[in-house]
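Dear colleague,

I am handing over the structure below, and I would be grateful if you could look through it with the notes that follow beside you.

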Amino acid sequence: KIAQPEVYPAQDTDVSKYLAQDLQRALVAHAELDRLDQKARRISRHGYLSHLGVGKLRYDIDKDCIVLEVVDPESIVVDKDAKEGDNPRFIAEYLDASVEELIHRFPDSKEKIMAELGYKRGTTLQMQKRIRYIEVWFTYYNKENYKCEGVMWFFNNCVLGKMKNPNWVYKDSKEEKYNFLDHPPKPYLPLNFYNDGMRDRKSTRLNSSHVSESRMP
């Protein structure tokens, strides 16, 4: 059962109390519409069976709202040096798509995708081939040496795209005041009962990049 949200009025006025009640009802309705109880159950099951459950927040353009996705914990790779409560330097997720879908998602990289695969014409069979690519949310430093958050997609030696963390209103925007958190967050929500990030560390390679793997703290 989903824990019911509680919204408290900002002021001791009737208007503020009604607004708080309306917001609370809206949050409950949104959770029911997104089937949050079923998704939470699946994430919890992953936590018990795989020692890690992962949810991912994403903006759904069709619904015009933020939704929660259930992520297979086996597809997640996390900075091995991240401690419990830390912001990891990176979180990577293995994804897959057909060549046609990949080009649709990254149209500006069509020529690079075709060249990386050695395709010239792109037959129907070639366009339906499934490609495993990687999405990485990472922390980096800009020219002014400020800590920033970004995301990129790649497979093999082909960078499909990269950008600042899109889940944030930056300083050059008039809507910066609408940011709720202090810094752009990575969109993953870990559920972990058994691991503190200090055990079972191992190294692996993500295609041509060097990445260290561990369970999420």
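At 52% relative accessibility, R35 counts as exposed, because the threshold for that class is anything over 50%. The model is a predicted one, and within it R35 has a positive phi of about 55 degrees although it is not a glycine.

Beginning with α1, its 20 residues should span 28 Å at 1.5 Å a residue, and the end C-alpha atoms are 29 Å apart, which agrees. The buried residues of α1 are S16, A20, V28 and A31. They cover an arc of only 115 degrees around the axis, and therefore sit on the same side of α1. The face turned away from that buried side carries the exposed residues D14, V15, Y18, L19, R25, E32 and L33. As for what lies over the buried residues of α1, the cover includes α2.

The helix α2 has 15 residues and reaches 20 Å from its first C-alpha to its last, close to the 21 Å expected at 1.5 Å a residue. Its buried residues are K39, I43, G47 and S50. Seen down the axis of α2, these buried residues fall within an arc of 105 degrees, so they line one face of the helix. On the other side of α2, Y48 and L49 are exposed. The buried residues of α2 pack against β1, β2 and β8 (188–191), and α2 is followed by H51, whose phi is positive, near 65 degrees.

Turning to the strands, β1 (residues 53–60) and β2 pair in the antiparallel sense over seven bridges, and among the residues involved, R58 has V67 as its bridge partner in β2. Strand β2 (residues 65–71) is mostly covered, with five of its seven residues buried. The hairpin of β1 and β2 has four residues between the strands, and in this hairpin D64 takes a positive phi near 60 degrees. D64, which is found in the loop between β1 and β2, is a residue other than glycine. With a relative accessible area of 56%, D64 is exposed, because that value lies in the class over 50%.

The elements α1, β1, β2 and β8 each supply at least two residues of the lining of the largest pocket, and α1 gives the most, with five residues.

With best wishes

Definitions and conventions:
Residues are numbered from 1 along each chain as its sequence is written. This is a predicted model: local features need pLDDT of at least 70, side-chain atom pairs count only at pLDDT 80 or more; totals for chains, interfaces and linings use all residues. Side-chain values use heavy atoms; hydrogens and water are left out. Buried means under 20% relative accessible area, exposed over 50%, partly exposed in between (1.4 Å probe, protein chains only). Two strands pair if DSSP finds at least two bridges between them. The expected span of a helix is 1.5 Å times one less than its number of residues. The arc is that of the directions from the helix axis to the C-beta atoms. Contact means heavy atoms within 4.5 Å.
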